[in-house]
Amino acid sequence: MPESDYELLLPRLALHLKLLSNEQVAQMLRTWRSAGVPELGRFLEGEGYLSKEQVAQLRAAREEYLRRRGEAVEPAPAPSPLASAPAVGPLLAASGESSIVEAMARELAKGPSAPPAAPPPPAIAHAPSPAPSSPAGTAKPASAPVEAAPGGSSPRRGGGPAAFVYRPGQSKLNELLERTIEVGASDLHVHAGAPLKLRWNGRLSDVSGGPLTAEESERLVLPLLNPVQQARLEEEQQLDLAHSLPGVGRFRGNVYRQLRGLDAAFRAIPARPPTLEGLGLPASLSSLTELHQGLVLFTGPAGCGKSSTMAALVHQLIETRADHIITLEDPIEFVHTSRQGLVNQREVGPHTSSFARALRAALREDPDVIVIGELRDLETISLALTAAETGHLVLGTLHTGSALRTIHRLLGVFPPSQQAQIRTMVSESLRAVVSQRLVPRADGTGRVAALEVLIGSKAVGNLIRENKVFQIQSILQTGASRGMMLLDASLAELVKAGTISKDEAARQAEDPKRFA
């Protein structure tokens, strides 16, 4: 087999195993040829197209594929892709990058020559071990040696905070972020006047190395910011951002000034959007992707994984529906790729000045689905309700603790003179509220999601319209057949399965006496 064809087997396999899309492969081939990196696997990993584990899987599948075809599996070192681009064998016989991708797909579909199935990449989950009997039980990741970190963060490679090493005066922030993922922490905190801190299994832990000085904190954080971000930080004294480490992962960050100096907090985000199964959430939630109009809200306290749950639904929409999906975020967290559906992601700051302005524009951009990172203020909530009422499916998050509090929050932001009108709009538009919390497992190995699910119905709508929201509690208690669930009932199932302790359930419950 020609050496260049040997390298091109990797993207063929990635396409076959659905690790990359047609568009990603076409873009990757163009970039690779001009990068001067002979070994394509190293390029895929270094540029963040695939993780180290995924590249290893593709290499193993390639050797098995060639072995079954009786071809050599140890070619000489490949020449520079730039030098070999004009003649790369039969795979490049067609003209144009998209034609090349189609040729790859056709050859793989022939049957006898198709490579054997390789194991899928590790799933991302809220917690590392399964709890089959729980409605919010967590699925075991596909690759057993790699455990999943809490809160939907990147795969845990083990060790915990004790394995985190900080060298004062030597460590750089990118190195520390990489170690954050390696030890399975969900957050890294850089504090002037205090030691570095990791959030692991929902709890903050100090990192050895002593308190950071104000100068050292700035030395760590400022090189991460581009000139535009540094100017915004200087002007506003705080900054939201997203940061990517190729081959490692993404991070949502906030940099801010405080009494002792410059601080920053970074949340680890998986490189690939999660799935409901990978997050250990009930399959019944997938029915929300069958909606074509209305408002679906994901709620809970900060750090409860609501953004991950919403991203899993968005990922399923992209995979299964030929719709135009617009996301409005601050900053962009999970990066989605157009599949059956077309997805456009906009970030407050670089792409638009505010959620409200982007949402007004979105209504003129022919969307089918609008995803709002956070419903922060009256104007954004009002526009979201209008979009849901005018035939769009709107997904968004709110920082509320239960389904009933979510409804009160939607209604309460509006002045008394508009209450009757808003109750009518909410009663007709609300399709579902998914409220969740992450609860530490009894064995200390991670956290598991406990859910409260309210499904919109005529009865729920009537109670909202008549200002009898408190009576919705009884519908939640009796609506299991429709997919509804009370938070306390979800906690009780987790206690019964031995997944969480009674004490933890009581701390999270609306009625702690139930777990006394």
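By class, the lining of the second largest pocket has 14 nonpolar, 16 polar and ten charged residues. Here Ala, Val, Leu, Ile, Met, Phe, Trp, Tyr, Cys and Pro count as nonpolar, Asp, Glu, Lys and Arg as charged, and the others, Gly among them, as polar. The model is predicted, so local features need pLDDT of at least 70 and side-chain atom pairs count only at pLDDT 80 or more, while totals for chains, interfaces and linings use all residues. Residues are numbered from 1 along each chain as its sequence is written, and side-chain values use heavy atoms, with hydrogens and water left out.

The second largest pocket has a volume of about 900 Å³. Of the 40 residues in its lining, Arg252, Arg267, Ser307, Asp330 and Glu333 are the closest to the centre. A pocket is found on a 1 Å grid over the protein atoms alone, as an open set of points with protein on both sides within 12 Å along at least five of seven lines; a cavity is a set of points where a 1.4 Å probe fits but cannot get out, and lining residues have an atom within 4 Å of a point. Grid points are joined across faces, edges and corners, and a volume is the space filled by probe spheres set on the points.

At least two lining residues of this pocket come from each of strand 3 (187-190), strand 7 (249-258), strand 8 (261-269), helix 10 (306-320) and strand 10 (324-329). Helix 10 supplies the largest share, six residues. Helices (H or I, at least four residues) and strands (E, at least two) are DSSP runs, numbered from the N terminus.

Asp330 also takes part in a cis peptide bond, which joins it to proline 331 with omega of about -5 degrees. Proline 331 lies in the loop between strand 10 and strand 11 (342-347). Another backbone feature is at asparagine 201, which is not a glycine but has a positive phi of about 55 degrees. Its place is the loop between strand 4 (197-200) and strand 5 (203-206). Most residues other than glycine have a negative phi, and most peptide bonds are trans.

The axes of helix 11 (residues 355-362) and helix 12 come within 9 Å and cross at roughly 20 degrees; axes are lines fitted to C-alpha atoms, for helices over the stretch in contact, and angles run from 0 to 180 degrees between N-to-C directions. Helix 11 and helix 12 are therefore roughly parallel, since angles under 35 degrees count as roughly parallel, over 145 as roughly antiparallel, 65 to 115 as roughly perpendicular and the rest as oblique. Their contact (heavy atoms within 4.5 Å) involves Phe355, Ala356, Leu359 and Arg360 of helix 11 and Glu379, Thr380, Leu383 and Ala384 of helix 12.

Helix 12 (residues 378-389) and helix 14 (residues 419-429) have axes that come within 10 Å and cross at roughly 50 degrees. These two helices are therefore oblique to each other.
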